[in-house]
Amino acid sequence: MNLAGIDTNLVVALDALLKERNVTRAAKRLGLGQSATSHALARLRRLFGDALLVKAGRGLVLSERAAALVEPCSRAVAELDRLFSEPAVFDPRAARRTFRILATDNLEVYVLPRLSAILAKEAPFVDLRFHQLNADWATALVRGEFELKLGRSYKLSSGLRSEELFRDRLVCVARRGHPMGRRLSLRQYAALSHIVVTPGGPDPAFVDEALAGAGLERRVAIAVPHFLPALFAVSVSDSVLTVPSRLLAAVPALRLRSVPLPIRVAEYALSQVWSERHDADEGHRWLRSAIRRALNTSS
């Protein structure tokens, strides 16, 4: 049987007729006139090549074919009802759900302390799984492998949505007592020993390009893939690190100090990015709101 040629209203009509075994009562259940219900029964009889409802005395009984259709028809109507029903309201207090988030470790440092508190208070059964940000994050979001990406804002490919969370700027960071002054010339900056975060860090490409444009080159003593070990290394050495300014406030125990970069650089935006498939999802909306609140940004 070709499903493309079947009116799904007939499935609902069949269910009512099989349950009521009476055209008048079936019509009342369906909210239709008796003539329309009789017409639906005639169409169903042609489709199945069976009488379905058979006269027995003053009433009707189910044919053998109809009796076999009662359970599958009832299940089909229930599935159709679920298919076209409004989605269930997301209740964070009762929801049991896991969200997978791509992020750089500095964004994890920013968001996790307050986000953990929000989860404990509002959504005790919601779980988060943070994963290291990779170059293929946009494709992974579109495929549904992850629900969210936190990080620096970039031009998005189709199928993605984004929301700016906050803006930040880069500064040069060193340990307390480091001999560098409160201001650095480009030459003084280049002469320092540097730690860089790569790949994925904010500074290597544009810093080295700016230095090269002035005929200078810096020495990269250490390169690491994460911000936190770089900060710890800086706190006990004479090397410096170019990092987002907000990161210093997240690690006060390291007692680091910062100075402005001797390179003109604009503030940059950090955002949360998600697939269009999750745009209207109530649970996902709650997650995005929780992250905004955890970062003290406007809702």
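Predicted model: local features only at pLDDT ≥ 70, side-chain atom pairs only at ≥ 80, totals over all residues.
Student: OK, what order do the strands of the open sheet have?
Tutor: The 5 strands follow the order 4-3-5-12-6 with mixed pairing, where strands (E, at least two residues) and helices (H or I, at least four) are DSSP runs numbered from the N terminus, and two strands pair if DSSP finds at least two bridges between them.

Student: And which are the edge strands?
Tutor: They are strand 4 (126-132) and strand 6 (160-168), each of which pairs on one side only.

Student: How many bridges join strand 3 to strand 5?
Tutor: There are 3, between residues 97-103 and residues 148-152, and these strands run parallel; Leu102, for instance, has Lys149 in strand 5 as its bridge partner.

Student: Switching to helices, at what angle do helix 1 and helix 2 cross?
Tutor: Helix 1 (residues 9-20) and helix 2 (residues 23-30) cross at roughly 135 degrees, with their axes coming within 8 Å; axes are lines fitted to C-alpha atoms, for helices over the stretch in contact (heavy atoms within 4.5 Å), and angles run from 0 to 180 degrees between N-to-C directions.

Student: Which residues of helix 1 meet helix 2?
Tutor: Val12, Ala13, Ala16, Leu17, Lys19 and Glu20 in helix 1 meet Val23, Arg25, Ala26, Arg29 and Leu30 in helix 2.

Note on methods
Residues numbered from 1 in each chain as written. Heavy atoms only, no water.
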